[in-house]
Amino acid sequence: MSSDPTTQYAQKIVDGEIASCSYVKLACQRHLNDLKRDDWGYVFKPELADRFFRFCKYLRHYKGEKSGERFELMEWQKFVYGNLYGWVDQDDNFRFKYSYLEVPRKNGKSFMASAIACFDSALLDREGTEVYCLATKEDQAKIVINDARNVIKHSPEVNNIFEMLVGRSTLFIKDSNRTSFIKPLASDSRNLDGLNPVTAICDELHQWRKRELWDVMEDAFGARRNWHMIAITTAGYDKTGVCYQEREHLVKILEGQIECDDKFGVIYTVDKEDFENWSEPRVWEIANPSLYQAKEIDFMHSQVQKVKQVPTRLNSFLNKQLNIWTDTDEAWLNFQDWEACRGEINIDNLIGKECYAGMDLARVSDFSACAYYFPVQDGLQKSHVICDFFLPDYEIDIRSIKDQVPYQLWADDGNLILTNGKTTNWDFLKESILQRNGQFKIKGFGYDRHFAGELVQALERENVEMRKFGMGFYSMANPTAELERQIIAQELVHEGCPILNWNISNVVVSRDPAGNMKPDKMRAKQKIDGAVACIIALGVSMRDEEKEEEKINPYEDRGLRVI
């Protein structure tokens, strides 16, 4: 086996000595394959990688139990750094102009980025070495440079190389006449012109919603022959942004679909067949290369325990601790639990049954939803829920293409009611609700207490029992938790309406300091109207149950007896 640590690690991964996902195996196999090539202009020089390794030995940790200790590179870090600095062209310029590293939280990403920034600014050239730490916001951009500042402050062997000015976020190299530096840069910075970077470190790329800063920096490298752009990130949720685009590009390279000799990357995650085994330590080890070293196993146990206690945290765990891209940051439900509640609902069997209703209405021209919740009663061994959806039919074909939502198909299948006009048709909604009121015994109809418009007044004139319902934690927390409980326990039946399915899968919850949750419309990437209407309907039902329980007290009816 080769004596250089970069190749040693790659060989161990390929041979199965170290458990890994397929993307890590492919990245390591690529390195081994490239070592055998002699038909191109690149060469791997272990001595150049070793120069970086030796520099890292002078750096010291500045926080936690290892504060003050020298920075000891782990095997996987030597593989990453070895590729970045060991692969060069005939003039010893970096082979890999672009690099993409994706790894879960608490695996030492920030320290790795600060080591790159320190080395490049101080040792790549005598003068003019501009290193930029990039992010969408200035505060985020300063994270890497603050790490570098603290590392330098606690590392006496390299401290005299850098000049740290009070009140300035830029770190200068002392003997470069301030032409070499490390500087934070954000997309909201006032001036992005005149850059001449050698290194750009893109921190937490998954948070970049737009790629303007990426493109600006990429264009700025035009005056350099030797440069590299390094993205270091965890997995995210937005699959339309620059991060996922760069990730997909890397995957195609690793899988051999395309050739791109100037891009390096490795993704530490778990393969799809292990997604359902998220609670097993062997799976944690595959996704977290620093486990047992920089990342504590007890931390992972505690995170899994929290997920088991609060299932809505699963997506966050998969995303941040196993580096799995998910659709939302805190999905309300495991969609499989919702699917397990699907059953046949015959409307004729609900005729005359007691129910509670809730509505989430569009202010102008969007979705409106009316949900009807039937608690357990004679003829119903489980609670049932159905939901009616309404949408103005104006330019429905154009909206379907623009929103990438099959409105017309849903309407053709009878799941969506299209109303005439450009805006919400209140008269049509009123007639639909009155028709339902004739079918079912609606004991209470919940609506947003801040929305008391003509529709509510019209329904009240028709003797529909309308109930104000708040959208804050106070009103929404209990029914949200109860609906979740019923779904997980399979105590609820729904008919599998594709729109309600879509809404349920889109729900993201927010929490108050006490841990209470409610649907968060601002964070949801798609519509959740039907889910909100269901929660309101259940909430109205729970209020009536609470009133019935209060009546159990005999003194409520007959008062105290005086002897």
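Trainee: What stands opposite Leu134 in strand 8?
Mentor: Cys202 does. Keep in mind that this is a predicted model.

Trainee: Do strands 4 and 8 pair in the parallel or antiparallel sense?
Mentor: Parallel, over 5 bridges. Strand 4 covers residues 130-135, and strand 8 covers residues 197-203.

Trainee: How many strands form the sheet, and in what order?
Mentor: There are 8, in the order 5-6-7-4-8-9-3-10. The sheet is open and the pairing is mixed.

Trainee: Which are the edge strands?
Mentor: Strand 5 (162-164) and strand 10 (263-267). Each of them pairs on one side only. Neighbouring strands in this sheet are turned by 20 degrees against each other on average, ignoring direction.

Trainee: New topic. Where is Asp34?
Mentor: In helix 2, which spans residues 22-35.

Trainee: Is Asp34 buried or exposed, and why?
Mentor: Buried, because its relative accessibility is 8% and the cut-off for buried is under 20%.

Trainee: What does Asp34 touch?
Mentor: Leaving out residues up to four places away in sequence, Trp40, Trp87 and Arg95. The side chains of Asp34 and Arg95 also make a polar contact of 3.0 Å.

Trainee: And Arg225, buried or exposed?
Mentor: Exposed, because its relative accessibility is 58%. Arg225 lies in the loop between helix 8 (212-220) and strand 9 (228-233).

Trainee: Which side chain does Arg225 make a polar contact with?
Mentor: Its side chain meets that of Asp91, at 3.0 Å. Not counting residues up to four places away in sequence, Arg225 touches Asp91, Asn93 and Lys97.

Notes
Residues are numbered from 1 along each chain as its sequence is written. This is a predicted model: local features need pLDDT of at least 70, side-chain atom pairs count only at pLDDT 80 or more; totals for chains, interfaces and linings use all residues. Side-chain values use heavy atoms; hydrogens and water are left out. Helices (H or I, at least four residues) and strands (E, at least two) are DSSP runs, numbered from the N terminus. Buried means under 20% relative accessible area, exposed over 50%, partly exposed in between (1.4 Å probe, protein chains only). A polar contact is a pair of N or O atoms within 3.5 Å; within protein, one must be able to donate a hydrogen and the other to accept it, and residues adjacent in sequence count only if both atoms are side-chain atoms. Contact means heavy atoms within 4.5 Å. Two strands pair if DSSP finds at least two bridges between them. Axes are lines fitted to C-alpha atoms, for helices over the stretch in contact, and angles run from 0 to 180 degrees between N-to-C directions.
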